[in-house]
Amino acid sequence: TVAGKPLFLWAKNNKLDGIEIPKRDIEIFDFVVLSEEKTLAEEIEKKISTTISLIQGDFRQNEIQKRWDTFFAKNKQASFVKIRCHVNCSSGTYVRGLVHELGEELNCGAVTTDILRTKVGEYSLDKSLMLKLNS
């Protein structure tokens, strides 16, 4: 938060440029690449568009979709490297931020399309129950 407002509200109001985003120390205990494969832009575009369409409420979906449309219009024939990895990190780590910084360091850009938290504190997927909800 900055000045008592969560960062997503600053972003939603297009005011991120006017604030200093706080930095925090994190620890990456383990970072393992599980798989790597080339992927066509079309597959990534479909994944991103599908994910954006699932968002409910006003979270700038239209603006974000337009930016992705512009990107993919310029990169229709491109292929990208898709990496699956396992990260063991300290509490407070923003995985999307970590991936973004990794892309900047490698000078190639990077974005997350799926995150599965397998453990938070003492709670983990392997000790949880799966519920099937009828909707």
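This is a predicted model: local features need pLDDT of at least 70, side-chain atom pairs count only at pLDDT 80 or more; totals for chains, interfaces and linings use all residues.
View 1. Glu27 belongs to the loop that runs between helix H1 (7-12) and strand E1 (28-40). Glu27 counts as partly exposed because its relative accessibility is 48%, a value between the 20% limit for buried and the 50% limit for exposed. Once neighbours within four places in sequence are set aside, the contacts of Glu27 are Asn88, Cys89, Ser90 and Thr93. Asn14 is 13 residues from Glu27 in sequence, and the C-alpha atoms of the two residues are 30 Å apart in space.

**View 2. A nonpolar surface patch with residues from strands E1 and E2.** The patch covers about 670 Å² and is made by Ile26, Ile28, Phe31, Val33, Val81, Ile83, Leu102 and Leu106. Strand E1 and strand E2 (79-89) each contribute at least two of the patch residues. E1 gives the largest share, three residues. Ile28, one of the patch residues, is located in strand E1. With a relative accessibility of 36%, Ile28 counts as partly exposed.

**View 3. Packing of helix H2 against helix H3.** Helix H2 spans residues 41-53 and helix H3 spans residues 61-74; their axes come within 10 Å and cross at roughly 175 degrees. The two helices are therefore roughly antiparallel, since an angle over 145 degrees counts as such. On the H2 side, the contact is made by Ala41, Ile44, Glu45, Ile48, Ser49 and Ile52. On the H3 side, the residues are Gln61, Ile64, Gln65, Trp68 and Phe72.

View 4. Most residues other than glycine have a negative phi. Ala3 is not a glycine, yet its phi is positive, at about 55 degrees. Ala3 is in the segment before H1, and a relative accessibility of 72% makes Ala3 exposed. Asn107 also has a positive phi, near 60 degrees, and is likewise a residue other than glycine. Asn107 sits in the loop between helix H4 (95-105) and strand E3 (119-120). Asn107 counts as exposed because its relative accessibility is 72%, and the limit for exposed is over 50%.

Notes:
Residues are numbered from 1 along each chain as its sequence is written. Side-chain values use heavy atoms; hydrogens and water are left out. Helices (H or I, at least four residues) and strands (E, at least two) are DSSP runs, numbered from the N terminus. Buried means under 20% relative accessible area, exposed over 50%, partly exposed in between (1.4 Å probe, protein chains only). Contact means heavy atoms within 4.5 Å. Patches are made of residues with over 30% relative accessible area and no salt bridge: like charges are joined within 9 Å, nonpolar side chains (Val, Leu, Ile, Met, Phe, Trp, Tyr) within 5 Å. Accessible areas come from the Shrake-Rupley method with a 1.4 Å probe; for residues, only the protein chains shown count as cover. A salt bridge is a side-chain nitrogen of Lys or Arg within 4 Å of a carboxyl oxygen of Asp or Glu. Axes are lines fitted to C-alpha atoms, for helices over the stretch in contact, and angles run from 0 to 180 degrees between N-to-C directions. Angles under 35 degrees count as roughly parallel, over 145 as roughly antiparallel, 65 to 115 as roughly perpendicular and the rest as oblique.
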